[in-house]
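Hi everyone, thanks for coming. Let me put a structure on the screen and walk you through its overall build.

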Amino acid sequence: MNPGFSQKNRVIIFRLFYIVIFIVLLVRYAYVQLIQQDIYYRQSERNRIRPITLEPPRGVVRDRFEEILIDNVPAYSVYAIPNELSSPDSVFAFLGDLLDIPAEEFHMKYKRDRRGPFQKVKICQYVDFEALARLEENKLDLPGIVYGVEPRRFYPSGVRAPHLFGYLGEIDEKGLQSEEYADYDRGDIIGKAGIEKIYEKILQGKKGYQFVEVDALGREVSVIEELKSQPPVPGLELQLSIDAGLQRLLEQKMDTLRGGAAILNCQNGEVIALVSKPGYDPELFAKPITLKTWKELTNDPAKPLFDRMVQSGTNPGSTYKIITAIAGLQENLINPEEKVFCPGYYRLGRRTFKCWKAGGHGSVNLRQAIEQSCNVYFYRMIQKVGLENWSKYSRMFHFGEKTGIDLTHEFSGSVPDKTYFDRRYGAGKWSTGLLLNLTVGQGELLVTPLQMASFALLVANRGYGYRPHVNRIIKNPATDDDQEFFEHQPLIVQGIREDVWDLIHQGMYDVVYGVNGTAKRANPGKIRVAGKTGTAQNPHGEDHAWFIGFAPYKNPKVAFCFFVENGGGGGAVAAPIARAMLTYLLREDKI
Amino acid sequence: MLWDKDDLKKADIVLLIAFSGLLVIGLLIIYSATHGENLDINQNFSKQAVWILIGWLLLALVTMLPFKVYHEMAFPAYIFSILLLIAVLFWGSGAGVKRWFAFGPFRFQPAEIAKIATLLFLAKYAADSKRNFKSFRDIAVAFAIVGLPTLLIMKQPDLGTALVFVAMVLPILFWAGLSLFTVFLLIAPIITLASAFTFFSFFIAMVFIIGVMVVSGRGPKVIIPNFILNIGVGIVTPILWNQLHNYQKSRILTFIGLEQDPRGLGYQVLQSKVAIGSGGMWGKGWMEGTQTQLRFLPEQHTDFIFSVLGEEFGFLGVLIVLVLFFLLLWRALNIAQSSKNVFASLVVIGASTIIAFHVIVNTGMTVGIMPVTGLPLPFLSYGGSSLLTSTLLVGLILNAGRRRFQYL
């Protein structure tokens, strides 16, 4: 030991060293824990607290008698957590087997929507409970795969009106950038067609949020009660004007056909039934829809995705003769008592135009011509009425424009006029033959079946109609009396004389009740029906069958249009469905 | 004689209480940090409890053995531990890092044995009455004794543990008679090295070093060569540094805590500071720390156990534990001072230095004033080998205290 520097002094050096070091440590800890506490406390709260959005339940949709048409049921979405998904290839392949979905779809969504290692990516939605049970059984072989409840649409009434209902889907890139969906987020589910799209903002509701505690891996541990959460505001409910019973009946009657039916309430334009066939099961879109199913639907030659009632135009056939009749009478160009002889054909220059009845109708006046749907009579009369009047009255009855129904992608149809023909064929170069075609609802005239139903309503009400609509009431499910009724939009044709209406009504009455009426099969017995059949020639196959009309004859309550593609004669195919409809309404005491 | 009736009276009761208090607090925090549904770690509490029981048996044994046993064991134990350190480099377990031998579920780190063996052997060497720590030769041999295991451990690589060996040399030599000035001369090049990267800091360091040498009153024969040595270190260091690859530089900077990778060491320290800082004065309560319970805090039952304490028991908890450590070290100095046995006295200095180094580096690391080196906190951190080594060191201190009036 060094005698010059005693152990006593050496121990003091050690003690001083320890004192200094421990004071430095304590000062540092005091600084971090006492002075900087607020900063670090806030940071620790930010670490553990995460706001999450709460999806509101989407509004329920009911029929006019409160029967639920579109409801919500719990379904499940499947998510992948990148951080825990060690081998996406094998896990997705296995998951694809379990859910019966090609694994590429998972890969596509996973790649597209991946945000961070701890943020879950939705790779599949609308998985039902059975599939979920299979998933749960094999949980250990699916590391990084989790699921969550997410309601899906459910159609409990048996009504399968996919075109009317529309469907839901994830908002796309275009939608996200549009003004209309400014307050929507990626991954949100929105209405893509039908009333789901038209009434999206009403059905959607408002998102809520709450604060949850998460762990270091981003897993939710619990809800933090102390922090005020904002509950979601449920979407509003719709009550449609649809009568589920009638809709079911018509869907069933027309199930094997191509075509459809539109039934309107004469008193306000409410759509009581709207059928378009063929359709598809709306549940298809409430389940994980595969690319294969989607391709099958889009490539089907029968075009099941297409709403034939609203979205497509076609020739109305003889149902359109009424326009010529009204125009001629109103303009005093037709004398209703004047008789025309029908030998079964009509010669114009070197061309021969056939009447549908090869033997001819003999001598017919206006009323008889409507009753028997004589072409020759109208070939003669249209030449008196002329193209300009025909176009004018077509427009006056709102052909060539959208009815304004609250459904998507409505087609406006097209009404040709002189300018159109001049442009198309050159001024003066088109023949009267074109005009003859138009009067019997052939040629370049295009209408939608819904327009024909709306037309039937205008005729039934003698010019006082309404724009058709499917929604009746918007209801707040929270407060029962908070209801907003749909405002009926009048659709009026002014100035037609009463005697003109009388004649047209009589003619349409004879169609069902006259000896030679073309739609005797529409007679339901108890009440009187008026109507007009049509058989539109179709260069691609069988004729299209039409039947429009209204009932009861004296005090019209419903106006209707039935349309069957390739169905043949309107009287033979379409009229019996009308009778079935009226019989049903009578039996149910609804008319 | 192994057992003495007065043993209990002679044992340093304050030191024993500080030691026991730290173990209890450690168990409490380990429970908080590892309870839960995770089966891998929720057994850690009971495992640690078993280790503590084994530790107490070991403590009794180490305290009871006559001190001369350690004196005799020192050299063979040193040689044995060096052989083990070489063996672990060839046959050790672990991918890339070879630190331990595995026997079934048990892992055994030769470095822990080497710590104690080197301590004993260095103390034995320094305690020899023939030593003169004014001679360059004796100082060099002392450094060589520590340098050999240090280099072998750096090869594993385990820089944190290697630094523990370096840390014990100067205190032991100083206690054995090395002059304060020589200690300064030995530390000076390290100061120079750290300051050599900017001219300004280098200039300040040189002024300081020359100042101390002049004030000490030594002649130019001592001052000039040491001055040249320091200048030389200052010039060579930046040149060597610039020849390193970027990844090597980055590794060194990260190691000494100057460069932090976002989700690596820097992330750990940030979460640790958040845990400690958010604890405030009184803490969030036992098992109530959000950073701990939600696992934002990494390595929370091992290296960062002190952060759990800081979060759940606040500054008060930190103060209590630091005071307990301080008491333990303070009492160890009393024993070293009063021991009549030079070897035992040196062992106590070395043992308390090892404990102190761990405490300072670990508690400094969790608040970001020390680099992240992976050194556990003695008595509190989960882990059998760390606990047994620390307990053994305490046993040596207690033993020396019990026999402080014995010369041999």
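Let's start with how chain A is divided: domain 1 covers 7-50, domain 2 takes 52-67 + 157-240, domain 3 runs over 72-154, and domain 4 is made of 244-284 + 308-471 + 483-587. Those bounds come from an automatic or database domain assignment. Where domain 2 of chain A meets domain 4 of chain A, 21 residues of domain 2 and 20 residues of domain 4 take part in the contact, and contact here means heavy atoms within 4.5 Å. The centres of these two domains, taken over C-alpha atoms, are 41 Å apart.

A word on what you are looking at. This is a predicted model, where local features need pLDDT of at least 70 and side-chain atom pairs count only at pLDDT 80 or more, while totals for chains, interfaces and linings use all residues. Residues are numbered from 1 along each chain as its sequence is written, chains are lettered from A and ligands numbered from 1 in the order in which they are written, and side-chain values use heavy atoms, with hydrogens and water left out.

Back to chain A, and its outline. What radius of gyration does chain A have? It has 35 Å, whereas a compact globule of 591 residues would be near 25 Å; the radius is taken over C-alpha atoms, and the globule rule is 2.2 Å times the number of residues to the power 0.38. Along the principal axes, the C-alpha atoms of chain A fill a box of roughly 150 × 50 × 50 Å.

Inside that outline, chain A has 19 helices and 23 strands, counted as DSSP runs (H or I of at least four residues for helices, E of at least two for strands) numbered from the N terminus. Of its 591 residues, 54% are buried, meaning under 20% relative accessible area with a 1.4 Å probe, protein chains only. Among contacts in chain A with a separation of 6 or more, 70% join residues 24 or more positions apart.

Now for chain B. Its domains are domain 1 (1-47 + 261-408), domain 2 (65-168) and domain 3 (179-243), and the C-alpha centres of domain 1 of chain B and domain 3 of chain B are separated by 35 Å. How many helices and strands does chain B have? There are 16 helices and two strands. Of the 408 residues in chain B, 52% count as buried.

That's the tour, and I'm happy to take questions.

Terms used:
Buried means under 20% relative accessible area, exposed over 50%, partly exposed in between (1.4 Å probe, protein chains only).
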